[in-house]
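Good morning, and thank you for coming.

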There are 2 protein chains.
Amino acid sequence: MNIGEVAAETGVTAKSIRYYESINLIPPAERTDSGYRQYSDRDVQTLHFIKRARGLGFTVAEVAELLSLYRDQDRASGEVKAIVEARLEDIEHKIAELESIRGTLRTLADRCHGDDRPDCPILDDLAGGN
Amino acid sequence: MNIGEVAAETGVTAKSIRYYESINLIPPAERTDSGYRQYSDRDVQTLHFIKRARGLGFTVAEVAELLSLYRDQDRASGEVKAIVEARLEDIEHKIAELESIRGTLRTLADRCHGDDRPDCPILDDLAGGN
DNA sequence: CCTTGACCTTCCAGTAACTGGAAACCTTAT
DNA sequence: ATAAGGTTTCCAGTTACTGGAAGGTCAAGG
């Protein structure tokens, strides 16, 4: 398969596939005589894996780690779980932070009448801090 | 005040202050004869504003907009409120997305026993998609 | 055989918002 | 005079791509 077909099938753009190759997240693709990259079903599978893991917010470095664990039939499942749980913790933190910010912004927005008049507690609060 | 003192007082690093100047988020500072930047209380105030707005997740571009509204005594409060509300929407989306990801990751983690044994549904799921 | 259009190649630059580090200058105290 | 610590500029690196230019390739149609 050419890179474009793979892109269509996996939802990973051709640009990204080349990029993943350039940073060695995936091994260099085979080439035709004219230099076109050729992909196997296994490559497609790997790109699906990457796509899904990235969609779950794993960084490329984490994906690399997960891929190497994926390829190692003898790794302990605990290693994989640890990565996922670290990621879960990040997410908990991020959610908590965003919720707190949301609360602050809501309060700010609610206190501003939001019309043509100039006075606006939002800016006063931003300036005054707290 | 020297840049270091301002940094200590506002919590914005000297590096960031210079960066903000370089992108014209803040006007160029006055200089001493020897070239050191000098800041007034008003500058410190502005940096507090920036610090707080950035902490609330506004992008630098949004902060620039808020600052210019802040400086314009005649702007409509509605303009400011609109920015805050747009930001609130982003946050709602992000929270919803993170919650969904959290759910998926929890399910994955729960189904993996996470010990020395090699078999691990996490990787199978990542590979299988869905 | 030639052209057209879609696809592919490489390479360079840009994104957001800084951060790190080097080399050199200034200030203050001893 | 010297040492420590603050400051200056400038360049590079970070993350994960994306856009775009210049040019080679492939398949179909005339």
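Cys120(A) touches Cys112(A), Ser77(B) and Val80(B), leaving aside residues up to four places away in sequence; two residues count as in contact if their C-beta atoms, placed from the backbone, lie within 7 Å. Cys120(A) sits in the loop between α5 and α6 of chain A. Helices here are DSSP runs of H or I with at least four residues, strands are runs of E with at least two, and both are numbered from the N terminus. Is Cys120(A) buried or exposed? Cys120(A) is buried, with 25 other C-beta atoms within 10 Å. The terms are set as follows: a residue is buried if 20 or more other C-beta atoms lie within 10 Å of its own, exposed if 12 or fewer, and partly exposed in between, with C-beta atoms placed from the backbone. Leu108(A) is 12 residues from Cys120(A) along the chain, and the C-alpha atoms of the two are separated by 9.3 Å.

I should state the basis of these remarks. This is a predicted model, in which local features need pLDDT of at least 70 and side-chain atom pairs count only at pLDDT 80 or more, while totals for chains, interfaces and linings use all residues. Residues are numbered from 1 along each chain as its sequence is written, and chains are lettered from A and ligands numbered from 1 in the order in which they are written.

The pLDDT is the predictor's confidence in each residue, from 0 to 100. Chain A has an average pLDDT of 93, and 98% of the residues score at least 70. Among the elements of chain A, the lowest mean pLDDT, 88, belongs to α6(A), and the highest, 98, to strand β2 (residues 37-38) of chain A. Where pLDDT is low, the predicted coordinates should not be read in detail.

Let me turn to the fold of chain A. Chain A has 6 helices and 2 strands, and from the N terminus on its elements run α-α-β-β-α-α-α-α. The radius of gyration of chain A is 23 Å, well over the 14 Å that the globule rule gives for 130 residues, so chain A is more spread out than a compact globule. That radius is taken over C-alpha atoms, and the globule rule is 2.2 Å times the number of residues to the power 0.38. Along its principal axes, the C-alpha trace of chain A spans about 70 × 40 × 20 Å. Of the 130 residues in chain A, 22% are buried.

One backbone detail deserves mention. Asn24(A) is not a glycine, although it has a positive phi of about 65 degrees. Asn24(A) is placed in the loop between α2 and β1 (30-31) of chain A, and with 9 C-beta neighbours inside 10 Å it counts as exposed. In chain B, Asn24(B) also has a positive phi of about 65 degrees.

How are the two protein chains related? A rotation of 180 degrees, with 0.0 Å of shift along its axis, superposes chain A on chain B with an RMSD of 0.2 Å. That is the relation of a two-fold axis. In chain A, Ile95(A) has the C-alpha nearest the axis, 2.9 Å from it. The superposition is by least squares on the C-alpha atoms of residues with pLDDT of at least 70 in both copies.

At the interface, 48 residues of chain A are in contact with 48 residues of chain B. On the side of chain A that touches chain B, the elements giving two or more residues are α3 (41-55), α4, α5 (77-111) and α6 (121-128) of chain A. The largest share, 20 residues, comes from α5(A). The residues of this side divide into 24 nonpolar, 10 polar and 14 charged. In this division, Ala, Val, Leu, Ile, Met, Phe, Trp, Tyr, Cys and Pro count as nonpolar, Asp, Glu, Lys and Arg as charged, and the others, Gly among them, as polar.

A residue is near a strand or molecule if its C-beta atom, placed from the backbone, lies within 6 Å of it. Around DNA strand C there are 20 residues, of which Asn2(A), Gly4(A), Arg37(A), Ser34(B) and Thr59(B) come nearest. The elements giving two or more residues to that surface are α1 (3-10) and α2 (14-22) of chain A, with α2 (14-22) and α4 (60-71) of chain B. DNA strand D is surrounded by 19 residues, and the closest are Ser34(A), Thr59(A), Asn2(B), Gly4(B) and Arg37(B).
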